Amino acid sequence: MRSEAQIKDVNMTQISILIKLMKGEKNFAEISRSLGITLQGVRYYVNILKQEGYIDNLNITNKGYEFLSSSLFQIRKFLNENSDFLSDADGWEVICDEDISSGDRVFLRMTKSYLHASKTPSSSSTAISVTESKKGERAIIHRIQGIIEIKFGRVEVNLIKDLNTENYPKYRKKCNKLYLERGDKEIFILGEGTRTLFSDEDKINIFAPLRGAFDASIRGTDVILVSTEEAFNLNLEEFSKLKEEFSKVEITMNFL
């Protein structure tokens, strides 16, 4: 039967030594130094692990694996529960859509990539205001209930193929058209070649363009990402990781 550890039973030194042994570290002096305990302490805990049947000849047993898995689960659960508590205790920032007093129940919604709050019912997600704030100011809220509805934006990737002296005018014209017809979309650009196609006065995002594009999209903003094919290929690994991380974001790929 599986040995279910409870958080009150978890001894971090014991767990740490068990992990060291599982990873093949058998030198007690090295374990002593790395964990900051005495050599006598290491021997003491190793004897306990043997008595419990968690190790045999310094090798972790099936019972030991079950105990370690259960213990780590309890630690992770404890940390998650308490990190949520700390986050809620610290409070969340919102933008006030109307005057709000401390103690007011407010309704939450995402507007133009930012979290807004008002006393007027506008969503199924609510919270309690900690501060007294005027319309347009920041308020601190806590005790959030319900799910904050967010409609993810789309990431439209536009690749520039074979940029050269001859086709510069064509691509400048296309980039200018994208810029003028962008509407509420945010434009992110990747690569030096792409930068030369936009004017210094254009409102474009140039820092951390890949991460920024996905961050904007999960906040509900549609995004246009423009890159030369060369720059995109150099950053393909990062793009793939972000695509996997933000799997719910819709992505389209086009050649400009």
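Here are some questions and answers on how the labels in this predicted model follow from its values.

Q: What makes this a model to read with cut-offs in mind?
A: The model is predicted, with local features needing pLDDT of at least 70 and side-chain atom pairs counting only at pLDDT 80 or more, while totals for chains, interfaces and linings use all residues. Residues are numbered from 1 along each chain as its sequence is written, and side-chain values use heavy atoms, with hydrogens and water left out.

Q: Why is H1 called oblique to H2?
A: Start with the terms: helices (H or I, at least four residues) and strands (E, at least two) are DSSP runs numbered from the N terminus. Axes are lines fitted to C-alpha atoms, for helices over the stretch in contact, and angles run from 0 to 180 degrees between N-to-C directions. The axes of H1 (residues 12-22) and H2 (residues 28-35) cross at roughly 135° and come within 11 Å. Angles under 35 degrees count as roughly parallel, over 145 as roughly antiparallel, 65 to 115 as roughly perpendicular, and the rest as oblique. So H1 ends up oblique to H2.

Q: What is the handedness of the H1 and H2 crossing, and which residues make the contact?
A: The crossing is right-handed; the term applies if the near helix is turned clockwise from the far one by less than a right angle, and left-handed if anticlockwise. On the H1 side the contact has Ser16, Ile17, Lys20 and Leu21, and on the H2 side Ile31, Ser34 and Leu35, where contact means heavy atoms within 4.5 Å.

Q: How do the residues of the H1 and H2 contact divide by class?
A: There are four nonpolar, two polar and one charged. The classes work like this: Ala, Val, Leu, Ile, Met, Phe, Trp, Tyr, Cys and Pro are nonpolar, Asp, Glu, Lys and Arg are charged, and the others, Gly among them, are polar.

Q: Why does H1 count as roughly perpendicular to H3?
A: The axes of H1 and H3 (residues 39-51) cross at roughly 80° and come within 10 Å. That angle makes H1 roughly perpendicular to H3. Thr13, Gln14, Ile17, Leu18 and Leu21 of H1 meet Val42, Tyr45, Val46, Ile48 and Leu49 of H3, and this contact splits into eight nonpolar, two polar and no charged residues.

Q: What makes H2 roughly perpendicular to H3?
A: H2 and H3 pack at about 105°, with their axes 8 Å apart, and that makes H2 roughly perpendicular to H3. Phe28, Ala29, Ile31 and Ser32 of H2 touch Leu39, Val42, Arg43 and Val46 of H3. By class, that's six nonpolar, one polar and one charged.

Q: How many disulfides are there by this rule?
A: The count is zero, with a disulfide taken as a pair of cysteine sulfur atoms within 2.5 Å.

Q: How do you know that cysteine 96 and cysteine 175 are buried?
A: Buried means under 20% relative accessible area, exposed over 50%, and partly exposed in between (1.4 Å probe, protein chains only). Cysteine 96 has 2%, so it is buried. Cysteine 175 has 0%, so it counts as buried too.

Q: Why is leucine 159 called buried, and which residues does it contact?
A: Its relative accessible area is 8%, so leucine 159 is buried. Leucine 159 sits in S8 (residues 154-160). Leaving aside neighbours within four places in sequence, leucine 159 contacts Ser227, Thr228, Phe232, Met253, Asn254, Phe255 and Leu256.

Q: What makes threonine 221 buried?
A: Threonine 221 has a relative accessible area of 10%, so it is buried. Threonine 221 lies in the loop between H7 (209-218) and S10 (223-228). Not counting residues up to four places away in sequence, threonine 221 touches Ser113, Gly153, Arg154, Asp184, Glu186 and Ala216.

Q: How many residues of H7 are buried?
A: Seven of its 10 residues are buried, and H7 is mostly covered. Among them are Leu210, Phe214 and Ala216.

Q: Why is aspartate 162 called partly exposed?
A: Its relative accessible area is 49%, so aspartate 162 is partly exposed. Aspartate 162 lies in the loop between S8 and H5 (168-180). Aspartate 162 also has a positive phi of about 55° although it is not a glycine.
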